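Dear colleague,

Please find below the structure that I am handing over to you. I would be grateful if you could read the notes that follow beside it.

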Amino acid sequence: MLLLISPDGVEEALDCAKAADHLDIVDVKKPDEGSLGANFPWVIREIRDAVPADKPVSATVGDVPYKPGTVAQAALGAVVSGATYIKVGLYGCTTPGQGVEVMRAVVRAVKDHRPEALVVASGYADAHRIGCVNPLALPDIAARSGADAAMLDTAIKDGSRLFDHVPPDACAEFVRRAHAAGLLAALAGSVKQDDLGPLTRIGTDIVGVRGAVCEGGDRNAGRIRPHLVAAFRAEMRRRAHEHAAGATTVS
Ligand SMILES: O=C[C@H](O)COP(=O)(O)O
């Protein structure tokens with residue numbers, strides 16, 4: 001499982017760079033503009049320059065409306081600025097068809113510019129609270145649009161967590177559908193160390209985290225701390241070994 005960490009700007013990205021050995025993807029966002037709030041192009045560029053070259057930079061394009069043209073242009077902005085994972089939160093899409101339309105436009109805009117960039121279609125585990133597309137529809141939306149990964153995060157950051165809205169069995173089904181379509185499965189949403197057991201067991205490819213690696217577990221007032229990133233990674237390793245040992249015992 002890869003670890004994606006979301007700093008809110010250059011200063012936190014520098015702290016991520018100090019913990020670079022313990023993380024896999026640096027995800028640029030602007031949390032005060034929403035769960036998948038988009039940051040400025042120059043911030044993406046600065047962060048790209050600040051983190052080691054072998055660490056991919058991801059950028060969120062926003063909690064986007066159902067406006068394929070607008071979103072495609074924003075996605076191009078993110079990839080031109082140096083991001084190689086482009087994440088789109090389908091906030092304003094109420095049907096899978098709308099999600100596919102937006103994501104097809106994004107995939108074309110991104111891949112015309114940089115074919116090897118990865119496009120991530122993200123939905124929300126708490127979709128029922130905001131009226132957007134069902135979380136389990138995301139793998140199909142991603143597959144039909146030519147995206148590379150399906151993701152879930154929470155839209156409302158009020159302390160409720162991924163598993164409060166989409167329990168582990170349903171997340172397992174999400175991962176199964178993503179893998180069946182040849183996609184990566186990414187999960188996030190106030191994930192804590194305690195969630196790493198189930199996330200590992202169900203075969204999650206990427207776990208996205210912010211609050212759990214901020215001081216005080218506070219994604220808004222706390223800052224990302226390298227030692228918390230290291231501790232989170234250590235727990236990921238422990239869970240991975242435990243899971244591998246269990247699999248060996250069973251087989
Ligand atoms: O993409 C990951 C998100 O930023 C997760 O943030 P969170 O762990 O504070 O919910």
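The notes below set out what was found, beginning with the basis of the model.

This is a predicted model, in which local features need pLDDT of at least 70, side-chain atom pairs count only at pLDDT 80 or more, and totals for chains, interfaces and linings use all residues. Residues are numbered from 1 along each chain as its sequence is written.

Eight strands close into a barrel in the order β1-β2-β3-β4-β5-β6-β7-β8, with parallel pairing. The twist from one strand to the next averages 25 degrees (axes are lines fitted to C-alpha atoms, for helices over the stretch in contact, and angles run from 0 to 180 degrees between N-to-C directions). Strands (E, at least two residues) and helices (H or I, at least four) are DSSP runs numbered from the N terminus, and two strands pair if DSSP finds at least two bridges between them.

Four bridges join β7 to the parallel strand β6 (residues 149–153), where Met-151 is paired with Ala-186. Three bridges join β7 to β8 (residues 206–209), again in parallel, and here Ala-186 has Ile-206 as its partner.

Most residues other than glycine have a negative phi. Ser-190 is also buried, with 22 other C-beta atoms within 10 Å.

In helix α2 (residues 41–50), Val-43, Ile-44, Ile-47 and Arg-48 are buried. Seen down the axis, they fall within an arc of 140 degrees, so they line one face of α2 (the arc is that of the directions from the helix axis to the C-beta atoms). Trp-42 and Asp-49 are exposed on the face turned away from that buried side.

Finally, the ligand has 15 residues around it, of which Ser-6, Gly-208, Arg-210, Gly-211 and Arg-219 come nearest (a residue is near if its C-beta atom, placed from the backbone, lies within 6 Å).

With kind regards

Technical notes:
Buried ≥ 20, exposed ≤ 12 C-beta atoms within 10 Å, placed from the backbone.
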